[in-house]
Amino acid sequence: MSIAMATEAPGAFQGTLTDKLKEQFDAGLLSGQELRPDFTIAQPVHRYTSIDHAIWRKLYERQAEMLRGRVSDEFLQGLATLGMEKDRVPDFDQLNETLMRATGWQVVAVPGLVPDEVFFEHLANRRFPASWWMRKPEQLDYLQEPDCFHDVFGHVPLLINPVFADYMEAYGKGGLKAAGLGALDMLSRLYWYTVEFGLIRTEQGLRIYGAGIVSSQGESIYSLDSASPNRIGFDVRRIMRTRYRIDTFQKTYFVIDSFEQLFDATRPDFAPLYEELRAQPTLGAGDVAPGDQVLNVGTREGWADTEDI
Ligand SMILES: [Fe+2]
């Protein structure tokens, strides 16, 4: 099975990949460029090449076509409202004029994945850190680290939606608390299964809203059409116990009914929840558990038998 697309979940890459990510971060920092204390840089718009713009255009065209009838209306509305560039890598300052006016969010440029606490601090203050650089032509379908297309095309349109915008801010605040409680593993699963790989139920059928799916041609089809993965109703407790995949398509997708449901789920203080869940075993990425609101049980076809994260 081919691999979906890079995504970032806080804490997901801790451990063996740390050195690689540090290397990658350094590579995204141009010589002579100032790295600010909050790990942001000025977007080096003059450094994009004609190849960078061509890759943006190709990915944009491909996904815009692919997502028709597959992605949530809120995403499409966000894309239209932003007036996101189709032909060239967007200038973040231009996007921010509309975004700030709509929900007070802004996109800030970073050289690569930033430390968890820095990431949460940005989200808690309505700043979305986006890699400034574009993937290479040979990485059209897969790269491990989030590039500008994933971060901007995948994540930014929903930040126009007031409820989702509030959810992301609440998530950042929750992340700062979780870091102090040693619960980042559980909170990261929530990010993964919603912000990156979430599906939403609509009157027209299931739709995609997760950025990891939205920015991936293969997973845009697989997540909705394949009989292989499980599709299970959103349940914050269940999700916080569920391991996930970073190197293959997901074995399970969790389905929300509305963005309000998502935001409401983050209202309670998670501290007692972490306590309770810590005492329970985790679930594998493809497990179906008692009490699940199952939309469909996957056939498991093509599932990798390597370890879940
Ligand atoms: Fe992402």
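Student: Which residue is the bridge partner of Val107 in E2?
Tutor: That's Phe128. Keep in mind that this is a predicted model.
Student: Okay, and in what sense do E1 and E2 pair?
Tutor: Parallel, over five bridges; E2 covers residues 127-131.
Student: What do E1, H5 and E2 make together?
Tutor: They make a right-handed β-α-β unit, with H5 being residues 116-124.
Student: Is strand E1 largely enclosed or exposed?
Tutor: Largely enclosed by the rest of the structure, because four of its five residues, in the stretch 106-110, are buried.
Student: New topic. Where does UniProt place the feature "binding site"?
Tutor: The unreviewed UniProt entry puts it at His150, His155 and Glu196. These span 47 residues in sequence, but no two of their C-alpha atoms are more than 10.2 Å apart, so they gather at one spot.
Student: Which helix does His150 lie in?
Tutor: His150 is in H6, residues 148-155, and His155 has its place in helix H6 too.
Student: Is His155 buried or exposed?
Tutor: Buried: 24 other C-beta atoms lie within 10 Å of His155, and the cut-off for buried is 20 or more. His150 also counts as buried, with 25 C-beta neighbours inside 10 Å.
Student: What does His155 touch, leaving out residues up to four places away in sequence?
Tutor: Phe128 and Ala211. Phe128 is the E2 residue that partners Val107.
Student: Zooming out, how many helices and strands does the chain have?
Tutor: 13 helices and seven strands. The radius of gyration is 18 Å, close to the 19 Å from the globule rule for 309 residues, so the chain is as compact as a globular protein of that length.

Terms used:
Residues numbered from 1 in each chain as written. Predicted model: local features only at pLDDT ≥ 70, side-chain atom pairs only at ≥ 80, totals over all residues. Helix = DSSP H or I, 4+ residues; strand = E, 2+ residues; numbered from the N terminus. Rg over C-alpha atoms; globule rule 2.2 N^0.38 Å. Buried ≥ 20, exposed ≤ 12 C-beta atoms within 10 Å, placed from the backbone. Pairing = 2+ DSSP bridges. Right-handed = clockwise from strand over helix to strand, strands pointing away. UniProt positions renumbered as here; feature names shortened; annotations may be inferred. Contact = placed C-beta atoms within 7 Å.
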